[in-house]
Amino acid sequence: DKHYAPDAKLVKENADLVAHYWNFPGEAKDAGSEKHYDDLADKYDFILEDVCGYNDPLMVAREAKKRLPEGAQILDAGAGTGILGRYCIEQGFKDLWAVDGSEKMLEKARTLGYYHEAHKVLVGINPMPEHFANKFDGMVATGCFLKGHFTPKAVQPILDTLKIGGLMIFSIRNFYLVEGEEMGYATEFKRLTEAGIIEI
């Protein structure tokens with residue numbers, strides 16, 4: 001699996017922590033998702049990078065480098081503790097903004113100094129900051145388009161933050177792109193494509 005390169009020894013030594021990480025709430029519609037990540041904030045980077053060897057942030061940042069100019073304004077949606085932001089900085093981007101549903105995660109992210117602003121928003125549930133409308137050249141996200149996280153209702157609010165021609169660059173597993181899958185991402189992307197709102 002190119003998305004993960006776990007350290008077997010650390011996985012074994014931190015089995016309870018890893019199990020807690022993977023025990024996502026069923027739906028990101030209330031305080032359940034927020035509490036899950038608030039509880040993990042202090043250990044989040046260790047779990048994802050050291051234990052699980054999560055590669056998606058690096059892959060998405062590299063893809064952004066290919067597709068966006070260095071001076072692009074970028075929204076990191078579901079920014080968490082700022083892991084993806086760090087990789088974007090390493091790729092030469094400097095104009096980063098963030099939203100996430102966990103205040104404790106954002107507290108970690110803000111200390112890094114990568115983001116102009118970092119707002120607590122459950123994307124698709126809470127409104128985006130008004131001044132984010134039509135602002136960004138691109139949006140990046142990892143670990144967000146999956147069960148227990150962003151629902152399909154998150155897509156339109158993200159699109160509303162983008163300039164005309166702006167790009168959504170994010171990781172998603174292939175099975176979520178099969179029409180009829182339980183989350184409804186494929187159906188929403190098809191609807192937006194057929195309406196001429198997005199191109200894939």
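Guide: What follows begins with the model as a whole and then turns to the aromatic rings.

This is a predicted model, in which local features need pLDDT of at least 70 and side-chain atom pairs count only at pLDDT 80 or more, while totals for chains, interfaces and linings use all residues. Residues are numbered from 1 along each chain as its sequence is written, and side-chain values use heavy atoms, with hydrogens and water left out.

The chain has 9 helices and 5 strands, where helices (H or I, at least four residues) and strands (E, at least two) are DSSP runs numbered from the N terminus. Along the sequence these elements follow the order α-α-α-α-α-β-α-β-α-β-β-α-β-α. The radius of gyration is 16 Å, close to the 16 Å that the globule rule gives for 200 residues, so the chain is as compact as a globular protein of that length; the radius is taken over C-alpha atoms, and the rule is 2.2 Å times the number of residues to the power 0.38. Of the 200 residues, 50% count as buried, a term that means under 20% relative accessible area, with exposed meaning over 50% and partly exposed lying in between (1.4 Å probe, protein chains only). Among contacts (heavy atoms within 4.5 Å) between residues at least 6 apart in sequence, 67% join residues at least 24 apart.

Turning to the rings, a search of the whole structure finds 12 aromatic pairs. Rings of Phe, Tyr and Trp (its six-membered ring) pair if their centres lie within 6.5 Å, and planes under 30 degrees apart count as stacked, over 60 as edge-to-face and the rest as tilted. One of these pairs joins Phe175 and Tyr176, with 4.5 Å centre to centre and 45° between the planes, and is therefore classed as tilted.
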